[in-house]
Amino acid sequence: MNDRRSRSRRKFLHTLAGAGVIAATDLPWWEAPFITPRKAWGAEPVRFQWSVPEPTRITLMNSLVERFNQSQKDFVVQIEYVPQAQARQKLISAITGGSPPDLCQAWDNWVGQFNGMGAVEDITARAKSWQHYSDVAPTAWQTVTLNNQIISLPLALTLDGVYYRTDRLKELGLKEPTPDWTWDEFLALAKAFTKIDKNQYGYGMRGGGTWALLYPSEFAYANGAVVLENGKLTVNSKEAVDAFAWYFDLALKHKVTPPSAATDGFVEIVEAFGRGVTSMYQHNSGSSGQQKKNVGADKFATLPVPIGPAKKRASFWFSETLTMFKGAKNKEGAWQFMSFMLEDEPSLKYCTTLGLLPARKSILDKPEFSKDPALAGFVNSFPIGIVSPYLAFPGWGGKIDSDGVPLIQQAMLGKISAKECLDRFAEILKKEMT
Amino acid sequence: MATVPVTLARPRTRPLISWRVHKLLVGYAYLIPAALCMLATVVVPIGLAIKMSLYNNVLYKPQDYHFIGLGNYLRLVQDPVFWLTLWNSVVWVFGSVLLQFIAGFAAALLLQQTFRGRALVRTLTLLPWIIPGVVVGLIWEWLYQPNYGVINDLLMRAGLMQERVAWLSSPDLAMTAVVFTNVWRGIPFFTIMLLAGLQAVPDELYEAAQVDGASVLGRFWHITLPLLRPIIVVATATRIIWTFNYADLIFVMTGGGPANATQITSTYTLVQAYSTLDFGYASALSVVLLLVMLAFTAGYLRITKGVEEID
């Protein structure tokens with residue numbers, strides 16, 4: 001009896017263990033924290049700095065790094081999380097001190113500065129012999145190429161578009177805007193959405209951070225302006241001034257923007273839309289996931305930026321990159337991890353989780369991107385995507401933040417005109433054209 | 001005749017260094033570790049910053065690194081934003097400290113009185129001081145939020161306001177708003193310091209003054225204030241230095257905006273160093289900040305000598 005009972009118990013335990021193994025192996029690899037990572041004895045460490053450590057990204061990156069560490073035995077990636085506000089500063093300090101990490105995640109406008117410091121590894125040879133080289137969109141390669149040298153891998157892309165509330169359209173009995181909408185239609189919609197007595201505004205204008213200057217610059221391109229023409233700075237051309245004036249009038253004349261617009265940064269414009277204070281805002285696909293949670297996937301949609309008087313439009317293309325440093329102690333390990341992150345499944349998982357667009361064309365064609373209405377505006381913006389003109393000189397990135405944004409804020413508040421704003425900005429940019 | 005052995009007194013050997021000098025040297029020897037630490041952590045960095053301020057040192061342009069003498073200082077004199085930040089710093093520092101002092105003193109006088117629950121109130125008074133500066137900045141940023149912040153909501157409900165006010169986005173209001181937040185945070189510092197001072201004032205003095213017919217105001221003016229003077233001098237001077245260098249709150253709440261309306265010299269230095277990577281110019285700004293602080297400290301030392309005389 002006892003023997004039978006013990007056999008039965010053993011059988012039960014075996015069954016339980018077997019079921020556990022099957023369940024564990026059946027888990028998608030990115031949800032596999034319960035599987036003990038394979039110990040990579042003697043594996044060489046790869047120091048990897050990662051910014052924007054909010055909970056979703058931390059969980060995602062931990063699982064991706066764990067997956068990489070399990071998939072081979074030669075390298076072990078050690079991830080260092082740094083808040084985004086300090087990430088660039090930490091990297092600069094590390095580069096200056098001569099001890100940068102092997103690899104970092106950085107935006108392409110930072111990489112230009114790091115490259116100017118002589119700190120970035122040229123990965124042209126590795127990239128060109130990489131199996132997915134031709135699958136990466138050519139514009140994505142442009143964002144990470146300086147002086148004919150590829151200096152990063154584009155992990156994900158961002159293009160700007162316009163988010164709008166579809167439920168408010170129905171509520172107010174307004175016509176659905178079409179992808180080829182114009183400035184006039186944009187303004188009419190912003191006015192229709194604005195109900196100041198209800199604390200509702202048509203457009204969540206951004207006055208804080210780098211993009212406070214980039215968004216009106218995109219409008220300027222729609223008016224036929226360009227920042228650089230044949231190497232000559234034309235940021236304050238008549239077309240640009242007119243476009244900026246039109247843009248500032250959204251706040252000054254038409255009052256379709258919230259009173260806080262002059263200091264509203266990324267968090268504020270996303271939050272205001274999510275709370276129903278604004279019904280439109282300009283941003284990249286990165287906040288689509290958040291808006292699905294905030295307002296609901298069926299209550300908003302996205303469109304490319306509107307067509308301007310010059311019958312043109314442009315959306316600035318930025319890349320979130322993986323960048324290796326010259327001072328890296330483990331270049332081979334860094335490269336292995338970089339290329340792993342652009343493989344099919346990691347790239348798909350990364351981009352779908354964070355609402356970003358993948359750099360590889362074959363992944364972008366997947367229904368997760370092409371069929372999602374929240375991303376339609378950005379996918380449709382590919383034909384109008386251009387590399388941000390402000391990446392042309394490494395010194396411009398810092399000057400946008402230190403000098404450009406305060407000028408934009410002054411203009412948004414009506415303290416200076418659009419012409420004065422751009423003339424002064426042009427003087428600043430001219431000094432950095434080396 | 002038997003000879004008696006005579007032991008001659010040997011003259012005392014004169015020490016190489018006198019006892020007084022020896023004592024002095026031992027004293028200095030004890031100071032060496034602390035002096036070395038100060039040298040490594042204060043003097044050398046200051047020296048390096050001064051050296052860096054004399055160079056064109058833009059991190060992303062290593063090929064342009066060269067000696068420019070006082071070039072960064074000349075640029076600083078011609079930079080209108082620098083003068084604006086210096087003025088903003090004065091408003092920020094003296095506005096904050098003056099109001100913190102007045103409110104802190106009032107709170108200390110109140111907490112000196114005997115009432116039920118005094119211990120609890122004293123503990124609660126410390127709260128704003130305990131919260132980290134960055135968290136204070138975030139809390140007040142949301143309180144001031146024009147669209148869904150509590151302050152606007154309460155004022156509108158109370159009928160005191162018809163339209164929402166963008167406290168941190170208006171150049172006319174932003175500095176007042178951040179100063180108010182800093183005042184809220186700094187009141188407990190003065191309260192605690194002055195309360196400790198008040199508790200040390202002997203009751204007999206007040207009793208004697210009362211017998212002599214001194215009014216409440218007279219007792220405050222002739223007893224409380226003179227006896228608290230050393231604490232007031234030390235507390236205000238320390239607080240002024242801290243506030244001058246305190247960039248966290250402004251950085252979190254406005255980032256120096258809108259349109260540099262709340263940009264103080266310390267935040268401007270950070271922007272120059274870490275946005276434009278112009279370490280030469282940022283060092284020049286730091287050196288000027290140091291000189292301003294040194295000038296203030298010199299005045300402060302003169303005042304504290306006055307304090308010693310009182311003691």
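Start with the largest nonpolar core, which has 174 residues; a nonpolar core is a set of buried Ala, Val, Leu, Ile, Met, Phe, Trp, Tyr and Cys residues joined through C-beta atoms within 7 Å. Buried means that 20 or more other C-beta atoms, placed from the backbone, lie within 10 Å of a residue's own. Among the residues with the most contacts inside this core are A:Val77, A:Phe244 and A:Met338. Next, colour helix 8 (residues 174-200) of chain B: with 12 residues, this helix gives the core its largest share. Helices here are DSSP runs of H or I with at least four residues, and strands are runs of E with at least two, numbered from the N terminus.

A word on the model: it is predicted, with local features needing pLDDT of at least 70 and side-chain atom pairs pLDDT 80 or more, while totals for chains, interfaces and linings use all residues. Residues count from 1 along each chain as its sequence is written, and chains are lettered from A in the order written.

Now select A:Met338. Leaving out residues up to four places away in sequence, A:Met338 touches A:Leu103, A:Leu153, A:Leu322 and A:Met324; contact means C-beta atoms within 7 Å.

Move to helix 8 (residues 183-193) of chain A, where A:Phe186, A:Leu189, A:Ala190 and A:Phe193 are buried. They sit on the same side of this helix because they cover an arc of only 100° around the axis, taken from the directions from the axis to the C-beta atoms. The buried residues of this helix pack against helix 7 (166-172), helix 10 (238-252) and strand 10 (280-283) of chain A.

Key:
Buried ≥ 20, exposed ≤ 12 C-beta atoms within 10 Å, placed from the backbone. Contact = placed C-beta atoms within 7 Å.
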